[in-house]
Each structure stands twice: as C-alpha cells, then as structure tokens.
Amino acid sequence: MERAVQTLNRLLAAEYGNLVQRLAEADPFVTWPAAEDSAEVRRMGEDSKRHQGELIQAIIRLRGAPIPPTYPTSVGGVHYLKLSFLMPQVIAGVRDLVKTYEQAGTTGDREADGLIARILADHQRHLASLQRLHSNLLQTL
C-alpha cells in the first residue's frame with residue numbers, strides 16, 4: 001500500500017500546484033467575453049477542492065499521511081490580471097494534470113485506482129470544454 005500512498009500524494013501535490021486552485025483564491029478580473037471561462041474555471045476550482053479531499057481521504061484510508069499543501073511560485077502572481085490573459089496557462093495546467101494522472105498507473109489498490117480514474121475523467125472533461133472554448137488558442141500552445 002506504500003506505492004498507492006506515494007502515487008496518491010504525488011497526485012495531491014499536482015492538484016495543489018495547479019493554477020486553477022490559485023484562481024479561486026485570487027479572483028482575477030473577468031471581462032464580459034471571458035464570462036464562460038469564469039464559469040468553467042469556477043467549476044474546475046470546485047472539482048479541485050473535491051479531488052483534494054477525496055485524495056486525502058484515500059491516503060488516510062490506506063494509513064498514509066497526506067502531504068501538506070505547497071504552491072509553486074509560478075502561480076503566485078495572478079492578482080490583478082485578466083482571466084482571459086491567464087487562460088493559456090489554465091489550459092496548459094489542465095493538460096499537465098491529465099498527463100500526470102495518465103502516467104500514475106495502477107496503485108495495487110482497487111479503490112485508489114477507481115478514484116484516480118474518476119478524477120482523470122473530470123480533468124479530461126474540463127480540458128475538452130476548454131478546448132471547445134479556445135480552439136483559437138490551441139494552435140499557439
């Protein structure tokens with residue numbers, strides 16, 4: 001079960017370090033054209049909080065210790081910025097989360113593997129939604 005705890009903690013760290021997590025706290029300026037982005041980012045932030053809680057509960061169930069939250073400095077300077085300016089970074093961050101979850105592999109614990117698959121599906125769904133909203137940006141990323 002140690003491998004499962006390590007994998008879940010690695011995924012928890014990825015959730016903590018994602019820009020979406022920070023945007024919920026920073027509340028960037030939203031222009032009228034970015035209203036759809038704002039709604040999607042809000043949903044993503046709510047899912048991120050839920051994912052963190054579920055990962056923590058799974059780690060505790062496996063008798064592990066969840067890592068404390070840490071945040072990369074790259075997500076610190078988002079105050080006073082327009083959400084539309086941050087969207088390429090948001091999309092890249094969700095892509096990174098999808099990649100991280102896809103590379104997690106199996107943990108040896110059926111419940112943990114099921115949780116990882118559910119969270120991966122959430123991130124894939126959000127990425128697909130962002131890709132629909134920003135097909136023009138994806139050509140430059």
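This talk covers one histidine and a few salt bridges in a predicted model.

I will start with His-123. His-123 sits in helix H5, which runs over residues 110-133. Is His-123 buried or exposed? His-123 is buried, since its relative accessible area is 6%, and the cut-off for buried is under 20%.

What surrounds this residue? If we set aside neighbours within four places in sequence, His-123 has contacts with Glu-15, His-51, Val-94, Leu-97, Val-98 and Tyr-101. With one of these, Glu-15, the side chain of His-123 makes a polar contact of 2.7 Å.

Now to the charged residues. Side chains of opposite charge can pair when their charged atoms come close. How many salt bridges does the structure hold? There are eight salt bridges, and I will go through some of them.

Take Arg-43 and Glu-40. These two form a salt bridge, and their closest N and O atoms are 2.7 Å apart. Both belong to helix H3, residues 35-61, and because they are three residues apart there, about one helical turn separates them. Their surroundings can be read from the accessible areas. Glu-40 is buried at 4%, whereas Arg-43 is partly exposed at 39%.

The next pair is Asp-47 and Arg-125. Their side chains meet in a salt bridge, at 3.6 Å from N to O. Asp-47 is in helix H3 and Arg-125 is in helix H5, so this pair ties together parts that are 78 residues apart in sequence. Asp-47 is buried, with a relative accessible area of 12%. Arg-125 is partly exposed, with a value of 45%.

Arg-125 has another partner to mention. Its side chain also meets that of Asp-122 in a salt bridge, at 3.0 Å from N to O. Here both residues lie in helix H5, three residues apart, or about one turn of the helix. Asp-122 is buried, and its relative accessible area is 13%.

How values were computed. Residues are numbered from 1 along each chain as its sequence is written. This is a predicted model: local features need pLDDT of at least 70, side-chain atom pairs count only at pLDDT 80 or more; totals for chains, interfaces and linings use all residues. Side-chain values use heavy atoms; hydrogens and water are left out. Helices (H or I, at least four residues) and strands (E, at least two) are DSSP runs, numbered from the N terminus. Buried means under 20% relative accessible area, exposed over 50%, partly exposed in between (1.4 Å probe, protein chains only). Contact means heavy atoms within 4.5 Å. A polar contact is a pair of N or O atoms within 3.5 Å; within protein, one must be able to donate a hydrogen and the other to accept it, and residues adjacent in sequence count only if both atoms are side-chain atoms. A salt bridge is a side-chain nitrogen of Lys or Arg within 4 Å of a carboxyl oxygen of Asp or Glu.
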